[in-house]
Amino acid sequence: MLGHISFGVRDLARSGVFYDAVLAPLGWVRLWDSPRGLGYGPPGGGEKLNLFPYLDARAPGPGFHLAFDAPDRDAVDGFHAAALAAGGTDRGAPGPRPDYGPAYYAAFVTDPDGYRLEAVHQ
């Protein structure tokens, strides 16, 4: 359904460190890198997440979050741990979320620019 999504970030280098770390457990890599932005996605595929530097960038308000599919529960755990180690904020530790579905296992974080992110395995 979605081709890709782009975020504006205040510090491209800081965001690169963060997203390199949190997307690795999910199987994504940095596909392109320039002073004008960064692109992430599965190896050999097209970018699914692009980051562009804007000094006045700010995350959308309440109700917005981006959920990444995780291949397994270990990847959700790795996403969460990597996010906290790379400057993210905990918004919900890895674990089952039975209110969302019987097989829903997720973790929630906020990146250094305030974007709400989720990794989910179902």
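Helix 2 lies across strand 5, strand 6, strand 7 and strand 8, at about 15° to strand 7 (axes are lines fitted to C-alpha atoms, for helices over the stretch in contact, with angles from 0 to 180 degrees between N-to-C directions; helices, H or I of at least four residues, and strands, E of at least two, are DSSP runs numbered from the N terminus). The model is predicted: local features need pLDDT of at least 70 and side-chain atom pairs pLDDT 80 or more, whereas totals for chains, interfaces and linings use all residues. Residues are numbered from 1 along each chain as its sequence is written, and side-chain values use heavy atoms, without hydrogens and water.

Four strands form an open sheet of order 5-8-7-6 with mixed pairing (two strands pair if DSSP finds at least two bridges between them). Its edges are strand 5 and strand 6 (89–96), each pairing on one side only. From one strand to the next the twist averages 15°. Strand 5 pairs with strand 8 in the parallel sense over four bridges; Asp69 has Val120 of strand 8 as its bridge partner.

Helix 1 (residues 12–23) has twelve residues, for which 1.5 Å a residue predicts a span of 16 Å, in agreement with the 16 Å between its end C-alpha atoms (the expected span is 1.5 Å times one less than the number of residues). Its buried residues are Leu12, Ser15, Gly16, Phe18, Tyr19, Val22 and Leu23 (buried: under 20% relative accessible area, 1.4 Å probe, protein chains only).

Leu51 is in contact (heavy atoms within 4.5 Å) with residues including Leu12, Ser15 and Tyr19, leaving aside neighbours within four places in sequence.

Technical notes:
Buried < 20%, exposed > 50% of the residue type's maximum accessible area, 1.4 Å probe, protein only.
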